[in-house]
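Thanks for coming, everyone. I would like to talk through one structure with you this morning, beginning with a sheet and then turning to some helices.

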Amino acid sequence: MKSLPESSKPFGDLVKVDRADQPLSALPEVDPRDHFTWSNLFIIFSIPLVGGLMGLGLIYLVNPLAIGWLVPSDAPVFYSNSLWNIPKNISQIQSELGKSQLKLGESYNLKTDEIIYTVLEIETQNIREIRIYQPIRDRSEEKFLLISTMTIAGIDEYFVRSPLLKYATYAIPEKLQPNRSRLPLKRFSPLDNPPSQHDGVWFTTSGKVDGIAYGQIYYFATDKRSQLVELDAWTSAAGELPKWRNALASNPSSIQLVVNQSQEFEPTFLIFQPEEAIANSIRKIQLRQVTLNEAKDQPKAYQDALVMASVGLWSPALGKFELMVQELRSQGKTLPPFLQEQYDMIAFHAQLTAMRAQQPNSNLGEKALINIIDGRWGEALAIANDPAYKGDKIAEMLARYHPHIWQRVMTMLTFTDSTDIKLWGGLVVLHRNGLRRAEFWLRSQKVDGKDFNQLLQRLDLAPLSLKPQQLLGTVTYIGKGSAGADWFLPPPKLESGQAWYEVSINLIKDGDKWRGEPFTELSDRSSILLWRVLGLSLNNSLGVVLYGSDGKSQAATLTAQSLWVSDDGRLKILASGESVLAPLLSKSIIPPLVTSGGAFDPPKGTSVDWQTLSSKVVERLIRTMYSELQRNGQVSMSIEDFGVLVQQQWKLSAVNLDGSGKPAYLLLLDRTQVDLGDRHYPLAIAFSSEGSLLFSDMSGGKVWVDALPSSTEGQILTFRNGRYEIWNFR
């Protein structure tokens, strides 16, 4: 191997020569670029800074509002000025929207030469966006540059319907809750006659549901750049768009935006005052609602006025407010601006209710309500107490508007002990909870019975779901002396030879269906109403049917004089009649049947020839009858002989009990045909058209009386355990 060449310096650089020992000219030259300076540091840090600024600039070009700290936080619209937002003609815009099932809708030309367009869903015509375009001439072609766009989300349904819920007389659906669903907007309209001190243009979107109008207010402001500002949502139970009008009378030159939320006889107007927004806000303008919010450190008269106004008692509220105004004037003071607005709003509503109360109205129920709304309780009560008028319109009014009255009653009772107001509260309780609770409530309010008895009796006119056509029951003898003090109507004096009888009503024919006691719906109604509804005001004659042991019956009559209903709905009638009837009652095999509304007229059967029936049906009928007789004792003949006897001597009838077209077969047997002891006759056995057993009273537990007339369900009148009952054969 060849050896490496030796170095001329045996130890290389391991031994350093002291620079001081070297001459200056022998030192190496130093390059200034090898030094790290402050300039080098600045350059290094500026590279990411420049990159970040370039990125922000690019983002700002695409979407200026994406950088939150460069724009106000309340920016109302998305400005789409960007490198990609190029002018387009109408066809191009429509084509672009069509890909999303959208189209351009209404358009409005602005004084700024810009155009507002609505963007609609093609299928539903709902507004999805509001856009502002700037027309541009591009090589003699008109194009449009998108300046801004605003998405429309609809209005919360709960907010839209909320004014109607204040006096709701129905259960509010569970699905109707805040922020559950939104209602679409269909129209975009300018609001005419706006205040002149604002240069912009006022618009509203709107929609309708169940007669309620709703929408959103917008303001188009013109400044350095055009803006469409979204303001307050609104809802109008009256179905009207907001209107500009002077609603604050103390400043005739001012104009407010007024939303009509009135409900029939209940005037309610929301008043919005347009104002300049704060200096650093992009909105430029805002709507401030005039409210009944209470100002601090004010007299009690002012506080009372706001409470009354909050439940719609505008005229009494204005009277209270006037007391404070007079007190301030006596001190040489005037109302502060905030209180002056409240005074004007209350006066605005009070003028409407007072004018309405002074207008003639032939509907006495409505007239009474309008007087109550204006705080004229005495005038309203005079209408209700008028004996020349039966009060049906008052009852109808209470059914619809009792929540309106109740809130006013409970509010006013915190300020006054007026009997007139308490009586209207009693009428509301009468409608809601019945007569007994109305009487109890009025007594708890320290109202004397003589002040309310006749009023409650006359106005207990709410309709009954029960429609009595005929009454059936039993009768017992009371005597010739006092009839007792429990009867609702004072009974007359007995005539000579007359006695008192008590009739217990077991069944009521309700339309075409019979119902058995108790009748709970009658338990809390006035005696005047019951007397009329039960038909006793037109015909108070009661028929009595007494049953003999031979199956024959005899008739008598009673005259209804008063009535009584227990808390659980058991109805009794006090009747007068000949005293000679009393001993006959106990001779009836079953308790005499009392009827009202005419004679008891069961359906008539038609005779059936056994030979017309099929052998199968005849055999089934005979076997069934034979089995029923065997249950009550030994039959002395064979079934074959029994079959011959039946077809030769026993009469079968067909009765169409329920109008179905399939008659039931009925066999009525007297004591000479079958003797089962001392009991009611005839014995009854009923069969279906196929011969199946439907009913038999041979066991005596349930006694057949007759088929109930005009029944749609084949109902039979029976007697058991001392009372008459219904039996359904189908």
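Before the sheet itself, a word on terms: two strands are said to pair if DSSP finds at least two bridges between them. Please also keep in mind that what you are looking at is a predicted model.

With that in place, there is an open sheet of 4 strands, which follow one another in the order β8-β9-β10-β11, and their pairing is antiparallel. At the edges sit β8, residues 187–190, and β11, residues 227–236, each of which pairs on one side only. Neighbouring strands in this sheet are turned against each other by 25° on average, with direction ignored.

Let me now move to a pair of helices. How do α7, residues 364–373, and α9, residues 392–412, cross? Their axes come within 9 Å and cross at roughly 10°, and because angles under 35 degrees count as roughly parallel, α7 is roughly parallel to α9.

As for the residues that meet there, α7 contributes L364, G365, A368, L369, I372 and I373, while α9 contributes K393, I394, M397, Y401, I405 and R408. Sorted by class, this contact between α7 and α9 has 9 nonpolar residues, together with 1 polar and 2 charged ones.

How values were computed
Residues numbered from 1 in each chain as written. Predicted model: local features only at pLDDT ≥ 70, side-chain atom pairs only at ≥ 80, totals over all residues. Heavy atoms only, no water. Helix = DSSP H or I, 4+ residues; strand = E, 2+ residues; numbered from the N terminus. Axes fitted to C-alpha atoms, helices over the stretch in contact; angles between N-to-C directions. Parallel < 35°, antiparallel > 145°, perpendicular 65-115°, else oblique. Contact = heavy atoms within 4.5 Å. Nonpolar A, V, L, I, M, F, W, Y, C, P; charged D, E, K, R; others polar.
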